[in-house]
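The stops below follow one after another.

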Amino acid sequence: MAEDARSAGIRVPVARVDERLTLPRPSARATVSGIAAAILRRVAPDLLARIAARTADTALPSFTDLLRIVELAGALPPTDPTGSPAGILERLPHLAEVTTREVVIAGPNGPVRARTYQPPKPAGVGLAWVHGGAFIGGDLDRADAHWPSLELAYRGVAVVSLDYRHAVRGVHYPVPSDDVLAGWRWAASHASELGVPTGALHLGGSSIGGNLAAGVAKRVRDGGAGETAPASLVLVGPFLHPFGTPVPADALARLRSATGDAVFRPEDLTQMAWNYAGRRSVLDDPYAFPANGDLAGLPPTLVITEEFDTIRTSGEDFAALLRAAGVPAVVRLMPGAAHSSLGRPSEPTARLTLNVVADHLLGRWTPRT
């Protein structure tokens, strides 16, 4: 796959077989920002949140700079106060009717955190949901984890939101995938307790969460008779390849103009994939990057893409590969949406995206070939 990236015009460092992958050095500014964020996170978290919110619409740092900031600060700084758990309930008090419960699941790498969301009026359907965060950030309180889970549960969907270890400080694949697999197995084995009948539990995720969900679906497919397959996959803005797809200069300029330059560059996506992989051989792994390998036998899949997003082509290509393998799959494009719209619940495009997910899960819309 690295060869595919080079042939597509992306600069990819040359790596010998199974060599440890190395990324470009971060800037000195990233180190300063990371140290400052670490200090503010401890002594003035509200100030850090206000600073992060003011910079939310500015150009994204390079992936290597972002990774450096996260490793020093300990987490991705929050960027949207309205997307915090308190901010969500302040704006949408009816969601307090949803009952939540913290869960700790035994995983192969240690405990895995999860949270269940019980509907006030169950509809007999469930979803295991995985947040995004570029493989290096996010948690159960992240907006694209907590807000969709609350909203879907309020509409009748029992949700299990899954956390996972981040690819920072030497952690790489398969650790995050192992965590999500452990979470899926827990959700499947506890479905009846959650009020979800056999065959009505779906699996999905936002951004990188979509990668992890699709990879786990492939692991479950290949795991034998003891595994429970998802009823369907729901992938919102997923990144499923081991490299970023080149974007023509004029198209990239339009994306930057529409988002205030808050878009991932193809080289950043490639570096994000390399950081997750850790080693050269993993770039071809069919579970680490679900667009690799055989896709036959996967569940029906809904792929939601966002108009102003350089990751959009990854989801579109994956859906085409699924259809070629005989898997029912469709793509729904969200006009006007930027990447990870579910992470910005105050934006109109977030609710449009959520409505599509809800309609799919509640049977008001079904993927078809």
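Select strand 5, residues 201–206, and show its side chains: Leu 201, Leu 203 and Gly 205 point one way, His 202, Gly 204 and Ser 206 point the other way, and all are buried. Buried here means under 20% relative accessible area, exposed over 50% and partly exposed in between, with a 1.4 Å probe and protein chains only. Because six of the six residues of strand 5 are buried, the strand is largely enclosed by the rest of the structure. Strands (E, at least two residues) and helices (H or I, at least four) are DSSP runs numbered from the N terminus.

This is a predicted model, in which local features need pLDDT of at least 70 and side-chain atom pairs count only at pLDDT 80 or more, while totals for chains, interfaces and linings use all residues. Residues are numbered from 1 along each chain as its sequence is written, and side-chain values use heavy atoms, with hydrogens and water left out.

Strand 3 (residues 125–130) pairs with strand 5 in the parallel sense over five bridges, and Trp 129 has Gly 204 as its bridge partner. Strand 6 (residues 233–236) also pairs with strand 5 in the parallel sense, over four bridges, with Ser 206 opposite Val 236. From strand 5 the chain crosses through helix 8 to strand 6, a right-handed β-α-β crossover: with the strands pointing away from the viewer, the path from the first strand over the helix to the second runs clockwise.

Now select helix 8, residues 208–221. Of its 14 residues, 13 are buried. Its end C-alpha atoms are 20 Å apart, which agrees with the 20 Å that 14 residues should span at 1.5 Å a residue, the expected span being 1.5 Å times one less than the number of residues.

Colour the largest nonpolar core, which has 65 residues; Leu 212 and Phe 289 are among those with the most contacts inside it. Such a core is a set of buried Ala, Val, Leu, Ile, Met, Phe, Trp, Tyr and Cys residues joined through side-chain atoms within 4.5 Å. Helix 8 supplies the largest share of this core, seven residues. A second, separate core of 28 residues includes Leu 152 and Val 236.

Finish at helix 6, residues 143–154. Its buried residues, 11 of 12, include Trp 147 and Leu 152. Gly 156 follows helix 6 and has a positive phi, near 120 degrees.

Terms used. Pairing = 2+ DSSP bridges.
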